[in-house]
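Hello,

I am handing over the structure we talked about, and my notes on it follow below. Please have it open while you read.

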Amino acid sequence: MAKTGLPRMTARVLACLYATDAGSLTAADLVQRLHVSPASISKAISDLEGQELIRRERDPRRRRDRYVINDDVWYRAWLASARMNAILAEAALQGAETLGTGTPAGVRLEDMSQFLEHVGQDMIQAAEHWRQVFSDRRTANGIGRARWTRPAASAGGPPP
């Protein structure tokens, strides 16, 4: 996961949470499993919460926080990325207008804005499509977790 751009410790914490059957651990559990300092866990948890990849739940019996993988973690992360594209698209458009859309730099920024806006909209549509397909499969299977299977590749073309 570190190759995706997550800091190494943040990636380790996320992987550890994924690899536990419960899908949640306390900070003390993470310290013990990863053999790192509580401060390292705290920083990683802050990063993951900020990206909405995990959430904090209070364990009233133990009076400790548990860190939980959201069921729709990748859907939420994908939408957060689409929101970032929208912010970047707007900033690029403002830059293009400031520099003038007739200047080479203005044209580049306007192209960047249009690209990011288009890709961001496609990302939102893809996420909504996935959520619907996943929900339909979960309901059809009558189980708590849906199993997704990759559609068969069409003859002569790349896999979808």
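Let me start with Val-13: leaving aside neighbours within four places in sequence, Val-13 is in contact with Leu-30, Leu-34, Ile-41, Ala-44, Ile-45 and Leu-48, where contact means heavy atoms within 4.5 Å.

A word on where this comes from. The model is predicted, so local features need pLDDT of at least 70 and side-chain atom pairs count only at pLDDT 80 or more, while totals for chains, interfaces and linings use all residues. Residues are numbered from 1 along each chain as its sequence is written, and side-chain values use heavy atoms, with hydrogens and water left out.

**The overall plan**

The protein has five helices and three strands, and along the sequence they follow the pattern α-β-α-α-β-β-α-α. Helices (H or I, at least four residues) and strands (E, at least two) are DSSP runs, numbered from the N terminus. Of the 160 residues, 29% count as buried; buried means under 20% relative accessible area, exposed over 50%, and partly exposed in between, with a 1.4 Å probe and protein chains only. Among contacts between residues at least 6 apart in sequence, 44% join residues at least 24 apart.

**The core**

Val-13 is one of the residues with the most contacts inside the largest nonpolar core, along with Leu-17, Leu-30, Leu-34 and Ile-54. That core has 21 residues; by nonpolar core I mean a set of buried Ala, Val, Leu, Ile, Met, Phe, Trp, Tyr and Cys residues joined through side-chain atoms within 4.5 Å. Two or more residues each come from helix H1 (8-19), H2, H3, strand S3 (64-69) and helix H4 (73-99). The largest share, six residues, is that of H1. In soluble globular proteins, nonpolar side chains tend to be buried together.

Helix H2 (residues 27-34) packs against helix H3 (residues 38-50) at an angle of about 115°, and their axes are 9 Å apart. Axes here are lines fitted to C-alpha atoms, for helices over the stretch in contact, and angles run from 0 to 180 degrees between N-to-C directions. On the H2 side the contact is made by Ala-27, Leu-30, Val-31 and Leu-34, and on the H3 side by Pro-38, Ile-41 and Ile-45. These residues divide into seven nonpolar, no polar and no charged. For that count, Ala, Val, Leu, Ile, Met, Phe, Trp, Tyr, Cys and Pro are nonpolar, Asp, Glu, Lys and Arg are charged, and the others, Gly among them, are polar.

**The sheet**

The three strands form an open sheet in the order S1-S3-S2, with antiparallel pairing; two strands pair if DSSP finds at least two bridges between them. Strand S1 (24-26) and strand S2 (54-59) are the edge strands, each pairing on one side only. The twist averages 30° from one strand to the next. H2 lies across S1 and S3, and runs at about 90° to S1.

Three bridges hold the antiparallel pair S1 and S3. Ser-24 has Val-68 of S3 as its bridge partner, and Thr-26 stands opposite Arg-66 in S3.

Is Thr-26 buried or exposed? Thr-26 counts as buried because its relative accessibility is 1%. Apart from neighbours within four places in sequence, Thr-26 is in contact with Arg-62, Arg-64, Asp-65, Arg-66 and Tyr-67.

S2 and S3 run antiparallel and are joined by six bridges. One of the pairings puts Asp-59 with Arg-64 in S3 as its bridge partner. The two strands form a hairpin with four residues between them, and Arg-63 in the turn has a positive phi of about 55°.

His-35, in the loop between H2 and H3, has a positive phi of about 55° although it is not a glycine. His-35 counts as exposed because its relative accessibility is 70%. Glu-52, in the loop between H3 and S2, also has a positive phi, near 60°, and is a residue other than glycine. Glu-52 is partly exposed, with a relative accessible area of 33%.

Best wishes
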